[in-house]
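Here is a friendly walk through one protein model, from its overall build down to a few charged side chains. Have a look at the sequence and structure first, then read on.

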Amino acid sequence: MHVELAEITADNVGDVYDLVVAPGQDEFVASNPWSLAQAYAERHIAWPQAVVVDSTVVGFIMLQFDPDDDDGRPYQLWRLMIGADHQGKGYGRAALMLAAEECRRRGATELFTSWVLGDGGPEGFYIGLGFVPTGDWDEDEKVARLTL
């Protein structure tokens with residue numbers, strides 16, 4: 001298994017757009033069409049990437065790089081999704097580790113994310129990767145920090 005993060009281009013944007021999560025997970029992550037629109041609208045701070053395994057797009061990840069972030073969280077994981085057919089194979093974990101490497105390369109010492117609580121939600125995944133809740137909330141999402 002060779003997981004990589006790839007720039008979203010005319011050649012792969014349709015593959016990213018078409019990916020969906022497993023039933024019941026859509027309440028925990030925005031759709032890829034919405035995320036791609038947000039990436040375009042906030043392109044000065046968004047870093048959207050396709051998650052690719054052996055030339056197949058299996059997911060989508062988007063980071064925020066914003067040194068002027070009002071909440072003091074300049075490096076944030078905004079989105080991480082792995083398509084329903086590709087889940088449970090370690091691709092999400094690998095993509096997040098690659099994203100953390102990119103943050104380190106840019107000088108970050110911590111990466112923030114947030115999640116919606118609920119049965120079947122991503123909290124266990126993120127805590128298992130070392131994210132620690134900060135005690136803060138971003139609207140209805142629990143905020144957590146990963147020390148890089």
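## Burial and surface

Of the 148 residues in the protein chain, 45% are buried, where buried means under 20% relative accessible area, exposed over 50%, and partly exposed in between (1.4 Å probe, protein chains only). Please keep in mind that this is a predicted model, in which local features need pLDDT of at least 70, side-chain atom pairs count only at pLDDT 80 or more, and totals for chains, interfaces and linings use all residues. Residues are numbered from 1 along each chain as its sequence is written, and side-chain values use heavy atoms, with hydrogens and water left out.

The chain exposes about 8000 Å², and carbon and sulfur atoms supply 47% of that area (Shrake-Rupley method with a 1.4 Å probe; for residues, only the protein chains shown count as cover).

## Overall build

The protein chain has 4 helices and 7 strands, taken as DSSP runs numbered from the N terminus (helices are H or I, at least four residues; strands are E, at least two). Starting at the N terminus, their order is β-α-α-β-β-β-α-β-α-β-β.

The C-alpha trace spans about 35 × 35 × 30 Å along its principal axes. Among contacts with a separation of 6 or more, 62% join residues 24 or more positions apart, a contact being heavy atoms within 4.5 Å.

## A salt bridge across the chain

The structure holds 6 salt bridges, each a side-chain nitrogen of Lys or Arg within 4 Å of a carboxyl oxygen of Asp or Glu. One of them pairs arginine 73 with aspartate 138 at 3.9 Å, N to O. Arginine 73 sits in the loop between strand E3 (56-65) and strand E4 (75-82), while aspartate 138 belongs to strand E6 (residues 132-138), so the pair links parts of the chain 65 residues apart.

Arginine 73 is buried at 7% relative accessible area, whereas aspartate 138 is partly exposed at 31%. Asp71 joins Arg73 and Asp138 in a network of salt bridges.

Glutamate 102 is buried at 13% relative accessible area, arginine 105 is exposed at 61%, and arginine 106 is partly exposed at 37%.
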